[in-house]
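Have the viewer open as you read.

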Amino acid sequence: MSATSPYTPADHAYMARALQLAQSPGVLNTTTPNPRVGCVLVREGRIIGEGYTLPAGQNHAEIQALLAARGQHGEAAAAGATAYVTLEPCSHHGRTPPCADALIAAGVARVVAAMQDPNPQVAGQGLARLQAAGIETCCGLMAAEAREINIGFVARMTRGRPWLRLKLAASLDGRTALNNGASQWITGPASRADGHRWRARACAILTGIGTVLEDDPQLTVRLDEQEGRPRQPLKVIVDSRLATPPTARLFDGASPVLIACAGSTTDGQAAALRARGAEIVAVPGERGQVDLAALCGELAQRGINEIHAEAGHRLSGALLRAGLADELLLYYAPTLLGDSARGMFALGELTALADRRDLQMMDVRRLGDDIRILARPR
């Protein structure tokens, strides 16, 4: 422990392990609408139990860690222990009882939380309940790392809309398709597999009617067998005039489909789409288009934390112009398609460089022959 920090190197190591648990594939892809949380219980300098949040309605990370400790060391295993948790223990009754109460009942002596829960139903109350029971609490250790793991949950709780990740695959000259619409495949298999991993962690996959009509996508998560059977996110189609064909492949399978339109939801086309299992919501905006901001708000109300958008240049540009694209996931292949091919974003002509949209590079890496860039608007 240094003179400026209340945390020891051991505290950092145990919290790093809790963060590792919180972002394992089984947690990243399954906890929605709940946050991804990891917990490590330590007593006398060794880990006695650890756990992570299970799918909604099942045990949270703290409960899993307590069960693991009791299973290996007996009912009183956690008495006097320190719990390292990546998010403040909950204090309210949701689908499960409060984790703060379980830690108090187990007799832990200290709780170290990476960050306060942004959920207004908790927001410091879990830590306060622990303190009232005489438990030492600390909050803020590796908070930035914890926030990144739950960036969608934080976004939904603090601003009322999900975190939206916009994914595009392009040539090195920034072209996503030929002028005739042909786009499969510009990037290689490693990039496509990586894109499915990002789909898997999202709560919803969003695209536009143009992509549906041209590509007839399935909008499903397809992973290698060793990566497990993924949860299939909600499919969201931005379709102002309800032009989605009832025969579209996106209706195949059991994953739900939500179509956002700008007009009537009671005509024959709407009935045909509902017969295929679609839910239709009217979110009218200007010029007969879907109000994208209102749609994001609607998805937040449904517990959607992260949206993974894969769309053409028009919808991609519209999301950027509306300030709704929080992150860009860009795959570049070592090829050139030329000026007549389609671009990445329909943003309109700029007449001054001061009007450009600057990005902050978050990560750059090579995938096979391609390059992946993760960037955020400044």
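Ser183 sits in the loop between strand 6 (163–171) and helix 8 (189–201). Helices here are DSSP runs of H or I with at least four residues, strands are E runs of at least two, and both are numbered from the N terminus. This is a predicted model, in which local features need pLDDT of at least 70 and side-chain atom pairs count only at pLDDT 80 or more, while totals for chains, interfaces and linings use all residues. Residues are numbered from 1 along each chain as its sequence is written, and side-chain values use heavy atoms, with hydrogens and water left out.

**Annotated positions**

The unreviewed UniProt entry lists Ser183, Leu219, Arg222 and Glu310 under "binding site". UniProt positions follow the numbering used here, feature names are shortened, and annotations may be inferred rather than shown by experiment.

What does Ser183 touch, leaving aside neighbours within four places in sequence? Its contacts are Thr176, Ala177 and Asp215, where contact means heavy atoms within 4.5 Å.

Arg222 lies in the loop between helix 9 (209–215) and strand 8 (234–238). Not counting residues up to four places away in sequence, Arg222 touches His196 and Arg199. Arg222 counts as partly exposed because its relative accessibility is 40%; buried means under 20% relative accessible area, exposed over 50%, and partly exposed in between (1.4 Å probe, protein chains only).

**Helix packing**

| Pair | Axis separation | Angle |
|---|---|---|
| Helix 3 (residues 61–73) and helix 4 (residues 99–106) | 9 Å apart | about 25 degrees |
| Helix 4 and helix 5 (residues 125–132) | within 9 Å | roughly 20 degrees |

Axes are lines fitted to C-alpha atoms, for helices over the stretch in contact, and angles run from 0 to 180 degrees between N-to-C directions.

The angle in the table makes helix 3 roughly parallel to helix 4, a label for angles under 35 degrees. Their crossing is left-handed, meaning that the near helix is turned anticlockwise from the far one by less than a right angle (clockwise for right-handed). Glu62, Ile63, Leu66 and Arg70 of helix 3 make the contact with Cys99, Ala102, Leu103 and Ala106 of helix 4. These residues divide into six nonpolar, no polar and two charged. Nonpolar covers Ala, Val, Leu, Ile, Met, Phe, Trp, Tyr, Cys and Pro; charged covers Asp, Glu, Lys and Arg; the others, Gly among them, are polar.

Helix 4 and helix 5 are roughly parallel to each other as well, and their crossing is right-handed. Here Ala100, Asp101, Leu103 and Ile104 of helix 4 meet Gly126, Arg129 and Leu130 of helix 5. That contact comprises four nonpolar, one polar and two charged residues.

Methods: Angles under 35 degrees count as roughly parallel, over 145 as roughly antiparallel, 65 to 115 as roughly perpendicular and the rest as oblique.
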